[in-house]
Amino acid sequence: MRKSLLLSTILASIGAFLLVGGALLLVDPGAPKHEAIKTGGLAGGAIVALYALWLNDRRRKVEEARQELESQRIDHDRSRVADERFARAVELLGHETAQVRVGAMHALAGLAKSRTDYTQTVLDILCAYLRQPYRKRQADPEEIELEVRLTSQRLIEDLLPRLEEKNPPLYDLNLTKAHLEFMDLSYRQVGDLYMRVAHFEDSNSFHHMKIHGHFYVTEATMTGRFHMHHTEVVGRGWFSRFKAQGIAIFTETKFGGETKFLNSEWAEVKADGCTFAVAADLPEAWRN
């Protein structure tokens, strides 16, 4: 096809040369012949130039299409490799050896950092691990499951955007029924944070956070210290039937939505400067 088009272009160029040059001689027989030849040559050359421009444009489009296909192939290969890594890491989370489970968690976190489309899924899996039944056995020297769980908590924290980031992607955390010990999400941002029926032991930190969605700790229990000071909750804050046996600190925290404390129990609360955009029925410990 290209050869026939080139031949047609050459013939058209010759025809333009003869037509334009001949026309000039017919119109003005006394005009210099070299001027007619020059003008005819320009007309023929213009056709060749147009063909060259078209050919270059066609080559450019073909090269762009080739590059696009190559880019799609590379992305497909990367996605396939990432999917395989993801599936393998999830499988290893059920391994009987704690070190293998820790390695699988780090592999998932690394995948979430390199491919952000995995981040919410990886967070869901790490939260699901913390929701598994767990009972701390302090008398057992071989007990290392706590270290695995602490690794999961640290990786969750590491995957969340920091407080100073502007317009970050927001991820939800579902820690319903989780056993949390030394959980630290301070200076982080989340979407919804659900910790219904969770158990908080020792010290857990949710201070200097921005919770863009809702915060639920209904029917949860807490021993030790619960740090939630200088935090902003944009949505609802639900503490119904929350039982706090240790000290809970809410200094300078802002609740922007409806907040409920129905049937909650508090041993000691520090809430200086804590504000509620919607009037809340505060328990006695909060009013002291």
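How many bridges join strand E10 (residues 225-227) to E13? Three, and the two strands run parallel. The views below come from a predicted model, where local features need pLDDT of at least 70, side-chain atom pairs count only at pLDDT 80 or more, and totals for chains, interfaces and linings use all residues. Numbering starts from 1 along each chain as its sequence is written, and side-chain values use heavy atoms, with hydrogens and water left out.

**View A. Strand E13 and its burial.** Strands here are DSSP runs (E, at least two residues), numbered from the N terminus. Five of the seven residues of E13 (residues 243-249) are buried, so the strand is largely enclosed by the rest of the structure. Buried means under 20% relative accessible area (1.4 Å probe, protein chains only).

**View B. The partners of E13.** Two strands count as paired if DSSP finds at least two bridges between them. Strand E9 (residues 221-222) is joined to E13 by two bridges, running parallel, and Thr221 has Lys243 as its bridge partner.

**View C. The open five-stranded sheet.** Follow the order E1-E4-E8-E12-E15 across this open sheet, with parallel pairing. At the edges sit E1 (173-174) and E15 (259-260), each pairing on one side only.

**View D. Zooming in on E4 and E8.** E4 (residues 193-194) and E8 (residues 215-216) pair in the parallel sense over two bridges. Tyr194 has Tyr216 in E8 as its bridge partner.

Conventions
Helix = DSSP H or I, 4+ residues; strand = E, 2+ residues; numbered from the N terminus. Buried < 20%, exposed > 50% of the residue type's maximum accessible area, 1.4 Å probe, protein only.
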